[in-house]
Amino acid sequence: MSGSDFVRTMPVGQGLVRVEPLYRLHIDLWLLLGLLGIVSFGLVMLYSASGQSETLLKAQLSRIGVGFVVMFVVAQLPPRLYLRWSPFLYGVVLLMLVAVLFVGLSAKGSQRWLGVEGFPRFQPSELMKVATPLMVAWYLHDRPLPPRFKHLAWALVMIVVPAALVAMQPDLGTAILVTTAGLAVIFLAGIYWSWLGYAALAVAFSLPALWSVMQGYQKERVLTLFDPERDPLGAGWNIIQSKTAIGSGGIYGKGLFEGTQSHLSFLPESHTDFIIAVIGEEIGFAGILVLLVLYLGVISRALFMANQIEDTFGRLVVGGLTLTFFVYLFVNIAMVIGILPVVGVPLPLISYGGTSVVTLLGSFGIIMSIYTHRRR
Amino acid sequence: MSEPMHLKDSESERRSFAGRSVAVLVLVLVCTSILVGRLIQLQIVSHQDYVTRSDENRIQVQALAPPRGLILDRRGVVLAENRAVFTLSLIKERIVDMPAMLDELKNLVGVSDEEIEQFHKRMSRRKRPYEAVALRLVLSEEQISILSVNRHRLSGVEVQAQLLRYYPHGELLSHVVGSVRRITEEDLGTLDVVNYSASQFVGKRGVEQFYETSLHGTVGYQNVEVDARGQIRKVLEINPPLTGESITLHLDVELQSAAVKALGDRRGAVVAIDPKTGGILAMVSTPGYDPNLFVTGMTAEKYRELTSSRDIPLFNRAVDGQYAPGSTFKPVVGLAGIGKEITTWEETIQDNGAFRIEGQPRVWRDWSWKKNNSGGQGQVDLHRAIYRSSNVYFYNLAHKLGIEALADMAKRFGIGQATAIDVLQRNIGLMPDPVWKYGAKGEIWYPGDTVNVGIGQGDVLVTPLQLASMAAVIANRGHWMRPRMLLSSAVDLVESDAGVPMQDITEVKPQDWENMIDAMEDVVHRGNKGFRQNGTAWAYIGRNIGYRMAGKSGTAQVVGILQGEEYDEELLTEYQRKHAWFMAFAPADNPRIALVVLVENGGGGSSVAAPVAREVIDAYLLPKIAGTGL
């Protein structure tokens, strides 16, 4: 038995049975591969959806680069840091959301961005998608689980306040995601099924009230969902065109770069929120299935990782972020194919846009950090 | 167990979390299945529907309007052509503030409220976003440059080129060439929907109307791929339109201008025909109008002015105006008498200025009759009856002929009939006879009616085109060459003959034709013979004439004159005065041009209409005589 054989079969490293180099870097290989797969898939489609714009591709590539750096850095930080700083992070982001309402920059009729001289501008609401589950997990982790009613009520306040601030921008899509992220943590904390039932009933009964406080354009979007033809040139245009794009793609699509709906500008927002329609049109049902498999792979791996974690905070954060990621992509695809009203939610890791990609990769960094720093 | 709730039971929490993870996984799979189910519905079940919708989105069948055929005169001068004009259109989606933009355009190119109203109407009918909607159909050069200078702040404003009909001679040919006009709802009922799918105009009036089918051409189409803004990205298939046939007319623009100039500002008509071919050399009706107004559009006020003027400028007097022929009808009566062998060239009568049917009290007067019973042309044969235009001679002859024989001969000359091959005749005059009178008035025919018809009065009506044709038939010594506009075209045209066939007038012998033409030459040339010996038109046109012209004047009453009253122009308003006629052809022995001149309410035929005829014939013949020694 040679020395080199020994080294190969019994790698050195604090007596661990199996240590991969990536693991020591606090990176999970399977999750990383899944994310790289989605991101590469996304870049190809973005290149097509943008009319083969290299400028746009490079911009997105650099944001993804930043995103992976953020993920790597975040993954190195020990989980106790997140536990300790969660309330602080939450508080700072909450203050920024308040600031956005007063000094934020607006675009397309809503005020979402904060700009500081010398830094790229960003949306604090995106950070809230991470800060909220961290906060709720922090709040619940050392309380008895399933949570008591009192604790639950406080947790809900922690969710509703930022969600309301985001909704006031107005940015309904992100508000929904912030809410979902918080609720996901509560669900994973083991809330009684019966309470969930009551909550569902309460929501059902409050729908009419919700309808009455909705803004005109929001009502329009809901009505349009049920009957896009009521205003085919206005509110219905997007949804008619996206359904047409996806439906005309068929099983294998019209071919990459060959989508007529997107390239002839019938499809609006084709490289941002509606990019799944380009995918459906150009590479068809098969292409979307491949993407869904990649997404489900990442989600399954993250759920598996969550179950390996010993401490409650870590489990709740990892599980919560994972579930949020799924809701993210579900809401996006569902709105584009016409089963949910149109709300501004991008397709995670694929739609063009900076803050979303960086935040998402950052949240996967947190997942990796918590997983790779666990006791064994 | 004393305070179990305060203790963290990490094992049960782990189990609870595992359970919830499974629930999450189930949720994820259920939700994903919903997405996949919907995708299957869209991409597999309804795939074909969406392919169709996608193709409908991007592929448009665009009809391509055929360029209209040109209309040329006999020398190739363009009478109607197609000109590129520039249209101002707006794309709503690219305009941030529409009212502000319209205000801006008001300032820059003076867009009117009426145009804006029309624009909003068109806007409400557009089919997709980004469709350009026309605001003004024709921009001037100056407006185009103003718009292009300001282009940077006029996002969403487009200037598009389009072919429009243009009539370079404007008013000169308004009636004869006619014009195209915008297709109306009414037209849609009669036009071929497919062939006119890209056309905005259809020929109305004149040659444009008669040769509409040939001039229009055949529509083409192209399948184009368009983007959501309606911009063409790719032409997938093209089936080009077939350009309309260009046609060359017998018209002579120079002669037409000479005729318009000769008529001046008087209301009237001139029709000139080449007797050898029947080709219409000039056809004028004044006043005219600018046919381009019907293409580019005019204000409601201008249109009202055109339609409500007492001078009816939109009415084509040359073809559709019906008037009593007056004395221009006398050669027909004379030839009827000769042809039916009722009289001879030698027979004479005594003209004392009045005619009476035996046993009846009514008296018919000569034009030269005065209240003191002077007047009349003395001893008159047919020759003298023509050059002196004796009424009494023709009262007598008509009475002897009878209405059937007279009407029969008049119809051989085309009176009361549409004889033109390619002119739409809405009115065809009237040759009255007993059958017509009983049908129209419920009265029987009186011998006195025939007497009136003998001098072209009574119920007989002719159009200038018919009298010109009659002049051409006399010029041709009875040989019919029916009037026609078309000289040539590259291919045979589909339009069919609009008139009735005519037979040569053979019952009048060649010598009789020559005699009649001699008499008509004397109308113009017989002069310096003393009182009541000269041709009626000699004093006005017979001097210093470089060729032999045969002519006949006519003066048609507009209002009836009471028995025993004199016609006194001073007592009548302008529109009650007599119409002046002159019918002529020249050179008399080898006619190159036959024409008729009508001056509405102009007065005497010889004094008013004959000089116009001389001027027009001079303009046509003198250059030819100088050139060929004719």
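Visitor: What makes B:I280 and B:L595 count as residues that B:V271 touches?

Guide: Two residues are in contact if their C-beta atoms, placed from the backbone, lie within 7 Å. B:V271 touches B:I280, B:M283, B:A318, B:P464, B:L465, B:A468, B:L595 and B:V596, leaving aside residues up to four places away in sequence. The model is predicted: local features need pLDDT of at least 70, side-chain atom pairs count only at pLDDT 80 or more, and totals for chains, interfaces and linings use all residues. Residues are numbered from 1 along each chain as its sequence is written, while chains are lettered from A and ligands numbered from 1 in the order in which they are written.

Visitor: Why are strand 8 and strand 9 of chain B called paired?

Guide: Two strands pair if DSSP finds at least two bridges between them. Strand 8 (residues 220-226) and strand 9 of chain B have six bridges, in the antiparallel sense, and therefore meet that definition. One bridge joins B:Q222 to B:I238 in strand 9 of chain B. Strands here are DSSP runs (E, at least two residues), numbered from the N terminus.

Visitor: What makes strand 1 and strand 9 of chain B edge strands?

Guide: The open sheet has three strands in the order 1-8-9 in chain B. Strand 1 (59-64) and strand 9 (232-239) of chain B each have a single partner strand, so one side of each lacks a neighbour in the sheet.

Visitor: How many residues does each chain give to the contact?

Guide: Chain B gives 36 residues and chain A gives 40 residues. Helix 1 of chain B supplies the largest share of the side of chain B that touches chain A, 17 residues; helices are DSSP runs (H or I, at least four residues).
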